[in-house]
Amino acid sequence: MSPNCTWCQHFRTFLRDVAHGLFIITHSGLAMVGLTVAALVMALWLRPDWLRATEGEVFNWLRERQVLLSWLPENTAERATAVELKDLPPAQASVAVWLGRKYKVAPEPLAALVAESYVLSKKYKLAPHFILAVMAIESNFHPYVQSPAGAQGLMQVMTDIHVKRYDAYGGRLAAFDPIANLRVGVAVLSDFIKLRGGSVEDGLKFYLGGYDLTEDGGYVAKVFAEQAQLDLVAAGQSVPVQ
């Protein structure tokens, strides 16, 4: 046998050994994945509360990254617009109760708005109590209010201008859905803050009146004052309802 043939035989043996090793590793890895999946399915079947919690976390993760919006418009009729206070962290529940007393609104739907504001705060890097304060000053938490200029809903979004933003929620009438209006309003406000160089105050003024605004009538001060009160409420302090 020539030296070249001997080298070829060794090389073929080496390749067979490598292929056999990869097969064993891959087969074992897939088996472990299968066992892990089976164990998770069994655990979720035995504990439905884990399944509901997992589904909620996965959906929130996808929603925050807008993975679902391109092909799964939200059916707002199937979504609860109220939350039990006991399901919120104590600080958030206190905020919902305080807002309910101040604005004469049921605390359960406010609880849903408080919880959503905390979710949106992480996405848009805005304080949750700032988001709630904007809602308070814009609409007093009445989701069906409309201004003479055509601003609608909790966040008083100009629907005609931002109508495309409601496509993911079923169309322009979603402006009167509390959660949809909140999400769109915060997205618009966040864009305006960026447009004004990252200044929250200037972004608020632009949100109020655009380029034509010359005087805000104390709007920004009211928002910040409301936010400060909410911070105190969440911290456990007693804040009178004015």
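A residue counts as partly exposed when its relative accessible area lies between the buried limit, under 20%, and the exposed limit, over 50%. Ile137, with a relative accessible area of 27%, is therefore partly exposed. The model described here is predicted.

**Overall make-up**

The chain has 242 residues, of which 36% count as buried. Its secondary structure comes to nine helices and two strands. The order from the N terminus is α-α-α-α-α-β-β-α-α-α-α. Among contacts in the chain with a separation of 6 or more, 53% come from residues 24 or more positions apart.

Ile137 sits in helix H5. Its contacts, leaving aside neighbours within four places in sequence, are Tyr219, Lys222, Val223 and Glu226. Take Lys222 from that list. Ile137 and Lys222 are 85 residues apart in sequence, yet their C-alpha atoms are 7.1 Å apart in space.

Leu99 belongs to helix H3, residues 90-103. Is Leu99 buried or exposed? Leu99 has 0% relative accessibility and counts as buried. With residues up to four places away in sequence not counted, Leu99 touches Lys104, Leu110, Val114, Leu132, Phe141, Glu226 and Leu230. Leu99 and Val114 are 15 residues apart in sequence, and 9.7 Å separates their C-alpha atoms. Glu226 is a contact of Leu99 and also a contact of Ile137.

**Helix H8**

Helix H8 spans residues 200-209, and its buried residues are Gly203, Leu204, Phe206 and Tyr207. They lie on the same side of H8, because they cover an arc of only 165° around the axis. In an α-helix there are 3.6 residues a turn, so residues three or four places apart point the same way.

What covers the buried residues of H8? The cover includes helix H5 (128-139), strand E2 (157-158), helix H7 (178-195) and helix H9 (219-234). Just after H8 comes Gly210, which takes a positive phi of about 65°.

H8 also holds a charged pair. Lys205 and Glu201 both lie in this helix, four residues apart, about one turn of the helix. Their side chains meet in a salt bridge, at 3.5 Å from N to O. Lys205 is partly exposed, with a relative accessible area of 29%. Glu201 is partly exposed too, at 37% relative accessibility.

**Salt bridges**

Side chains of opposite charge can pair when their charged atoms come close. The count of salt bridges in the model comes to seven. The table lists some of them.

| Salt bridge | Closest N and O atoms |
|---|---|
| Asp87 and Lys86 | 3.5 Å |
| Arg172 and Asp160 | 2.7 Å |

Start with Arg172 and Asp160, which form a salt bridge with the closest N and O atoms 2.7 Å apart. Arg172 lies in the loop between helix H6 (159-162) and H7, and Asp160 lies in helix H6, so the pair ties together parts that are 12 residues apart in sequence. Arg172 is partly exposed, with a relative accessible area of 40%. Asp160 is exposed, with a relative accessible area of 60%.

Lys86 counts as exposed at 69% relative accessibility.

**The second largest pocket**

Rolling a probe the size of a water molecule over the atoms shows where empty space is left. The second largest pocket has a volume of about 330 Å³. Of the 16 residues that line this pocket, the closest to its centre are Ala151, Gln156, Met158, Tyr207 and Leu208.

Which element gives the most to the lining of the second largest pocket? H8 gives the most, with four residues. E2, H6, H7 and H8 each supply at least two residues of the lining. By residue type, the lining of the second largest pocket divides into 10 nonpolar, five polar and one charged.

Technical notes. Residues are numbered from 1 along each chain as its sequence is written. This is a predicted model: local features need pLDDT of at least 70, side-chain atom pairs count only at pLDDT 80 or more; totals for chains, interfaces and linings use all residues. Side-chain values use heavy atoms; hydrogens and water are left out. Buried means under 20% relative accessible area, exposed over 50%, partly exposed in between (1.4 Å probe, protein chains only). The arc is that of the directions from the helix axis to the C-beta atoms. Contact means heavy atoms within 4.5 Å. A salt bridge is a side-chain nitrogen of Lys or Arg within 4 Å of a carboxyl oxygen of Asp or Glu. On a 1 Å grid over the protein atoms alone, a cavity is a set of points where a 1.4 Å probe fits but cannot get out, and a pocket is an open set with protein on both sides within 12 Å along at least five of seven lines; lining residues have an atom within 4 Å of a point. Grid points are joined across faces, edges and corners, and a volume is the space filled by probe spheres set on the points. Ala, Val, Leu, Ile, Met, Phe, Trp, Tyr, Cys and Pro count as nonpolar, Asp, Glu, Lys and Arg as charged, and the others, Gly among them, as polar.
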